[in-house]
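Please read it beside the model.

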Amino acid sequence: MPATAIEVKDVSFFYNGHPILAKVNLTVGELDFLAIMGPNGSGKTTLFKIILGILNPAQGSVRIFGKTPREAAGLLGYVPQDTGLNKDFPISVFDVALMGRLGRTGLSRRFTSEDRELARKVLEQVGMWDFRDRQIGKLSGGQRQRVFIARALSVEPKILLMDEPTASVDAQFQTDLYSLLKELNSSITVVVVSHDVSVLSGYINSVACLNRTLFYHGSGEVTEEMLHSAYQCPVDLIAHGGVPHRVLRKHDHKDS
Amino acid sequence: MIEAFQSEFMRNALFAGLLAGVACGIIGTLVVANRIVFISGGIAHAAYGGIGLAVFFRIPPLTGAVGFALATSMIMSAVTLRNKQRADTVVGVLWALGMALGIIMIDLTPGYNVDLMSYLFGSILAVPRADILMIALVDVGVLIIVGALYNSFLAMSFDEEFAMAMGVRVGVLYYILLGMIALTVITLIRIVGLVLVIALLTIPPFIAEKFCRSLKAMMVTSVFLNALFSLIGLWLSYKFNLTSGATIIMVAAAFFFASVAYERVRNHLGIRSSAFG
């Protein structure tokens with residue numbers, strides 16, 4: 001039996017008295033490739049932040065390989081949505097990538113030459129090494145997304161969490177990214193929040209459907225069964241997600 | 001310019017200005033990067049309550065200001081960390097409360113003879129040696145703390161949530177930062193007065209941000225700009241017999257608008273050249 005990478009137990013979270021998450025239970029096995037779907041405001045990002053230890057749940061508990069999120073810093077790589085960034089912030093692409101090493105630096109928080117070498121490696125991996133001296137605000141949205149992916153990879157995480165990783169990247173990089181994730185998935189557990197079910201279906205092995213509480217969690221193969229389960233998500237998901245059914249169906253046929 | 005700094009009090013004033021500029025440039029950079037200018041203003045103004053209390057209990061006013069500002073900054077840290085939405089209201093209340101307390105305590109002090117204006121608008125020309133020593137101590141403290149925690153402060157300033165996910169104790173850092181702001185603000189009260197503190201804390205980093213590609217460079221540039229503003233401001237105030245704190249701020253403001261104009265022109269030329277090139 002594979003080890004449990006993430007265990008979310010009875011987690012509830014409230015924001016100004018409004019329930020955002022209610023009794024969410026989710027178990028992610030090691031080396032799973034899980035996609036979490038759900039309409040806007042369904043609590044996907046909140047769930048991520050609780051798993052990362054950025055937010056504390058009102059009720060319930062989270063374990064990462066048996067540790068609390070705080071103890072597990074350095075095991076988790078995180079790619080946030082590209083929003084709310086201070087575009088004037090004086091920091092180079094290289095220094096952003098280096099930041100992923102922070103969880104591994106110990107109390108001194110000093111970077112070693114190995115950390116720098118790793119930052120170089122991950123920037124090459126996402127094709128951003130040539131931009132290493134560029135100020136982060138001077139990049140396009142897609143380029144910035146690549147840098148944030150590099151930052152998450154430089155953690156050398158055992159689990160990679162990505163919040164809408166393809167929201168602002170071009171189609172080519174999207175394909176590249178999923179191939180990269182597939183490759184990484186041989187040694188890393190991957191959890192992606194995405195509307196992109198059509199593209200994802202070839203890569204994931206597990207799907208969770210979230211809307212305040214977990215509606216469905218199971219196999220990631222795009223089957224009629226899964227489609228049915230997906231419909232259990234409020235219609236929002238299908239409409240808002242920008243995923244016309246026929247794309248799903250088409251993909252389904254290809255798979256079968 | 002040299003003859004302006006021949007007298008001892010002018011040399012002292014320049015010395016105080018240059019020293020205060022070190023902590024001011026470093027902490028100001030963190031203030032601008034973390035977008036906590038309003039909180040810093042609150043701490044500066046609330047410090048007036050400490051001055052009032054100190055005058056009433058007959059202890060050195062700046063000692064009272066230090067204690068009070070530190071206490072206020074800790075309250076503001078706790079409130080901001082707990083509820084970001086309400087934070088600005090609470091900061092606004094503490095800002096006014098501190099000032100009101102200061103005024104009332106001074107009212108209640110019999111035979112009050114402290115020059116109120118010197119705390120509101122600075123008295124760099126009459127800065128005593130003890131204050132210069134205090135400013136130097138704050139510099140050393142700020143340099144050590146920011147030097148030791150630089151990578152953590154950088155991570156927090158750039159992306160607080162990612163820093164938390166990396167195990168950085170953002171909450172603790174926030175308390176430390178606001179504490180350092182309190183101390184820095186006190187040193188600046190001597191130089192430009194508490195009303196003008198915010199200008200000196202924020203203008204140099206704002207200018208520096210346009211030309212720097214790292215937080216470290218922004219800090220160094222801000223320290224350099226602070227020195228330049230103090231030097232030019234003191235010289236102009238000597239030459240035209242003007243209030244030195246206000247003159248320093250006017251110099252800073254002039255550079256501020258010049259930098260904005262420069263950026264406009266640069267962007268304009270940049271767009272034109274790329275359009276035709």
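Predicted model: local features only at pLDDT ≥ 70, side-chain atom pairs only at ≥ 80, totals over all residues.

Residues are numbered from 1 along each chain as its sequence is written, chains are lettered from A and ligands numbered from 1 in the order in which they are written, and side-chain values use heavy atoms, with hydrogens and water left out.

- B:Cys24 is in no disulfide; its nearest cysteine sulfur belongs to B:Cys212, 15 Å away.
- B:Cys24 is buried at 1% relative accessibility (buried means under 20% relative accessible area, exposed over 50%, partly exposed in between, with a 1.4 Å probe and protein chains only).
- B:Cys212 is also buried, with a relative accessible area of 10%.

**Surface patches**

- Patches take residues with over 30% relative accessible area and no salt bridge; like charges are joined within 9 Å, and nonpolar side chains (Val, Leu, Ile, Met, Phe, Trp, Tyr) within 5 Å.
- A salt bridge is a side-chain nitrogen of Lys or Arg within 4 Å of a carboxyl oxygen of Asp or Glu.
- A:Arg134, A:Lys138, B:Arg213 and B:Arg266 gather in a patch of positive charge on the surface.
- For charge, Lys and Arg count as positive, placed at NZ of Lys and CZ of Arg.
- B:Arg213 sits in the chain B loop between helix 10 (197-209) and helix 11 (215-240) (helices are DSSP runs of H or I, at least four residues; strands are runs of E, at least two; both are numbered from the N terminus).
- B:Arg213 is exposed, with a relative accessible area of 52%.
- A nonpolar surface patch is formed by B:Phe56, B:Phe57, B:Ile59, B:Ile104 and B:Leu108, with about 480 Å² of accessible area together (Shrake-Rupley method, 1.4 Å probe).
- B:Phe56 belongs to helix 2 (residues 37-56) of chain B and is partly exposed, at 30% relative accessible area.

**Positive phi**

- Most residues other than glycine have a negative phi.
- A:Lys23, not a glycine, has a positive phi of about 50 degrees.
- A:Lys23 lies in strand 2 (residues 18-29) of chain A and is exposed, at 52% relative accessible area.
- A:Leu31, not a glycine, has a positive phi of about 70 degrees.
- A:Leu31 lies in the chain A loop between strand 2 and strand 3 (33-37) and is partly exposed, at 36%.

Terms used: Disulfide = S-S within 2.5 Å.
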